[in-house]
Amino acid sequence: ELDQELSEADDCPARRSIREEQFSSGQQLSQLCIPLEQPLLISEAMDRNTVACPLMESKGQVSAEFAYFYPPGIPVVVPGERITEELLLRITEYLNRGFALQGLADYSGHTIRVVK
C-alpha cells in the first residue's frame, strides 16, 4: 500500500513536468554534479562536531550532511566535501527551476550542517 502511494506521489504532474523539461532540454544528469574537494571522509565529517550554517553563506565550509535534488535524487554534496561558490550557484539555479532540495536536517533548506 505504501509503495503504491509513493509511486503515485512520484508521478504527480508537477514532478513529471520537471523531469520532462529536464530531459527535453537535453540537460544531462551529470550537470547536477560538480566535482568538490573532499578534505574529510564521509564518516569523519559525520562524526565531527557540527553547526548549522545558512546554506547560501556556507562557501568554504565542509558539509556534514547530504544534500540532493529530487527529482532525480542525485547528491550534489556529501559529508566531507567543501562547499564552493559554484555549488551554491548551481543549487540556486535548480531551486529556481522548481527542484526540491532534500536530505538536509533543516527541511526548509535554509541551513546546512557543517563541520565546526
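Student: Which residue does K59 form a salt bridge with?
Tutor: K59 pairs with E85, the closest N and O atoms being 3.4 Å apart. A salt bridge here is a side-chain nitrogen of Lys or Arg within 4 Å of a carboxyl oxygen of Asp or Glu. K59 sits in the loop between β1 (50-54) and β2, and E85 belongs to helix α4, so the pair ties together parts that are 26 residues apart in sequence.

Student: What kind of model is this, and how are residues numbered?
Tutor: It is a predicted model, in which local features need pLDDT of at least 70 and side-chain atom pairs count only at pLDDT 80 or more, while totals for chains, interfaces and linings use all residues. Residues are numbered from 1 along each chain as its sequence is written, and side-chain values use heavy atoms, with hydrogens and water left out.

Student: How many helices and strands are there?
Tutor: The protein has four helices and five strands. Both are DSSP runs numbered from the N terminus: helices are H or I with at least four residues, strands are E with at least two. From the N terminus on, the order is α-α-α-β-β-β-α-β-β.

Student: Back to salt bridges. How many does a search of the whole structure find?
Tutor: Three. One of them joins E37 and R82, with the closest N and O atoms 3.0 Å apart. E37 is in the loop between α2 (13-24) and α3 (42-47) and R82 in the loop between β3 and α4, so this pair ties together parts that are 45 residues apart in sequence.

Student: And where do E93 and R90 lie?
Tutor: Both are in helix α4, three residues apart, about one turn of the helix.

Student: Is E37 buried, partly exposed or exposed?
Tutor: Partly exposed, with a relative accessible area of 47%. Buried means under 20% relative accessible area, exposed means over 50%, and partly exposed is in between (1.4 Å probe, protein chains only). R82 also counts as partly exposed, at 26%.

Student: What about E81, buried or exposed?
Tutor: E81 is buried yet has no salt bridge; the nearest side chain of opposite charge, R82, is 11 Å away. For charge, Lys and Arg count as positive and Asp and Glu as negative, while His and the chain ends are not counted.

Student: Where is E81 found, and what does E81 touch?
Tutor: E81 is in the loop between β3 (74-77) and α4 (85-96). Leaving out residues up to four places away in sequence, E81 touches L36, E37, Q38, P39, Q61, V62, S63 and V76. Contact means heavy atoms within 4.5 Å. A polar atom of the E81 side chain also lies 3.0 Å from the backbone nitrogen of V78.

Student: New topic. In what order do the strands form the open sheet?
Tutor: The three strands run β3-β2-β4, with antiparallel pairing. Strands β3 and β4 (100-102) stand at the edges, each with a single partner strand, so one side of each is left without a neighbour in the sheet. Two strands pair if DSSP finds at least two bridges between them.

Student: How many bridges join β2 to β3?
Tutor: Three bridges join β2 (residues 67-70) to β3. F69 stands opposite I74, and Y68 has P75 as its bridge partner.

Student: Which residue takes a positive phi in that hairpin?
Tutor: G73, near 95°, in the hairpin of β2 and β3, which has three residues between the strands.

Technical notes
A polar contact is a pair of N or O atoms within 3.5 Å; within protein, one must be able to donate a hydrogen and the other to accept it, and residues adjacent in sequence count only if both atoms are side-chain atoms.
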